[in-house]
Amino acid sequence: MSVLVLLHAFPLDARMWEGQVPVLEQAGYEVIAPNLPGRDASDPSLASWAARVLELLPGDFVPVGVSMGGYLAFELWRQAPKRIPALVLADTRANADDEAGRASRNETIRRLREDGFGAFWDELAPKLFSPGVPEEAVAGARAIASEQPVESLIATVEALRDRSDSTSTLADIDVPALLLVGEKDALTPPLAAKEIVAGLDKARYVEIRGAGHLSPLERPAEFNEEALLFLHEMLS
């Protein structure tokens, strides 16, 4: 049985995968969906989070990472490439934050500390979703995000701000990879996914029509169909 590790997007937790876990399990996969950073936000680095994930896993696995989860998938590859037979990456990018991006992360940290979750969410939410997304999808995501401790949210922003540039890692990835991206993704647009594809040896690119940055939430059926097709072809 193949093991899939579902790596969630910021500022959500593993509950963002509720539309995928039953489908993947019914298809015969063992699914693990860790909450990161969890309740211990004392070490805000993707490298340490990847090490913690690897401690949970006894053997080979396929990372399925969305946004921040994609950054973490690259870190998992750097730490344990021989244990990863394939990758599924969605709505993510390979490059690190530039100076402007780091400044924006610092402003997000300030807003969280001084203004709290509400102001933070109001600023972020329009960038996460495509126009016309069902209100229940937005409300569900907000409910998940609002339960994260502010210190955990801050630690995650610090980890995102300080993450390694994975552009040079792409040339080392010699296993099949699926790149999924929402057509309307405003944070990591299709161009960012195409740049990853261009740097990989064995990559498949799929654009999910009408979806924004959280494609598994907005278009779960399409996401599941493409992921399962890829996994069946590559792991069977």
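Predicted model: local features only at pLDDT ≥ 70, side-chain atom pairs only at ≥ 80, totals over all residues.
Residues are numbered from 1 along each chain as its sequence is written, and side-chain values use heavy atoms, with hydrogens and water left out.

**Helix 3 and its cover**

Helices (H or I, at least four residues) and strands (E, at least two) are DSSP runs numbered from the N terminus. Helix 3 reaches 17 Å from first C-alpha to last, close to the 16 Å expected at 1.5 Å a residue; that expected span is 1.5 Å times one less than the number of residues. Colour its buried residues, among them Tyr71, Phe74, Glu75 and Trp77. Now show what covers them: the cover includes strand 1, helix 2, strand 3, strand 4, helix 7 and helix 8 (190-199), with contact meaning heavy atoms within 4.5 Å.

**Back into strand 3**

Next, pick strand 3 (residues 62-66), where 5 of the 5 residues are buried. Val62, Val64 and Val66 point one way, and Pro63 and Gly65 the other. Bring up strand 1 (residues 3-7), which pairs with strand 3 in the parallel sense over 4 bridges; two strands pair if DSSP finds at least two bridges between them. Leu7 has Gly65 of strand 3 as its bridge partner.

**Two positive phi values**

Most residues other than glycine have a negative phi, and most peptide bonds are trans. Click on Ser67, in the loop between strand 3 and helix 3: its phi is positive, about 55°, although it is not a glycine. Ser67 is buried, at a relative accessible area of 8%. Now jump to Asp91, in the loop between strand 4 and helix 4. Its phi is near 50°, again positive in a residue other than glycine, and Asp91 is buried at 1% relative accessibility.

**Two cis peptide bonds**

Select Phe10 and Pro11, which are joined by a cis peptide bond with omega about 10°. Pro11 sits in the loop between strand 1 and helix 1 (21-26). Then go to Leu36 and Pro37, where the peptide bond is also cis, with omega near 5°; Pro37 lies in the loop between strand 2 (30-32) and helix 2.

**Helix 7**

Select residues 150-161. Helix 7 has 12 residues and spans 16 Å from first C-alpha to last, close to the 16 Å expected. Of those 12 residues, 10 are buried, so helix 7 too is largely enclosed by the rest of the structure. The buried stretch includes Glu158 and Arg161. For the cover, show elements including helix 2 (46-56), helix 4 (99-115), helix 5 (117-128) and helix 6 (135-146).

**Pockets**

A pocket here is an open set of points on a 1 Å grid over the protein atoms alone, with protein on both sides within 12 Å along at least five of seven lines; a cavity is a set where a 1.4 Å probe fits but cannot get out, and lining residues have an atom within 4 Å of a point. Grid points are joined across faces, edges and corners, and a volume is the space filled by probe spheres set on the points.

The largest pocket holds about 610 Å³. It has 26 lining residues, and the closest to its centre are Asp97, Ser104, Arg105, Leu124 and Leu187. Helix 4 gives the most to this lining, with 6 residues.

The second largest pocket holds about 200 Å³. Select Asp13, Asn35, Gly38, Gln148 and Pro149, the closest to its centre among 18 lining residues. Helix 7 supplies the largest share of that lining, 3 residues.

**Last stop: the cavity**

The whole structure has 1 cavity of 30 Å³ or more, and the largest cavity contains about 50 Å³ of space. Its lining includes Trp17, Gln20, Phe223 and Asn224, along with Val64 and Val88. Helix 10 (residues 220-235) gives the most to the lining, with 4 residues.

Terms used: Buried < 20%, exposed > 50% of the residue type's maximum accessible area, 1.4 Å probe, protein only.
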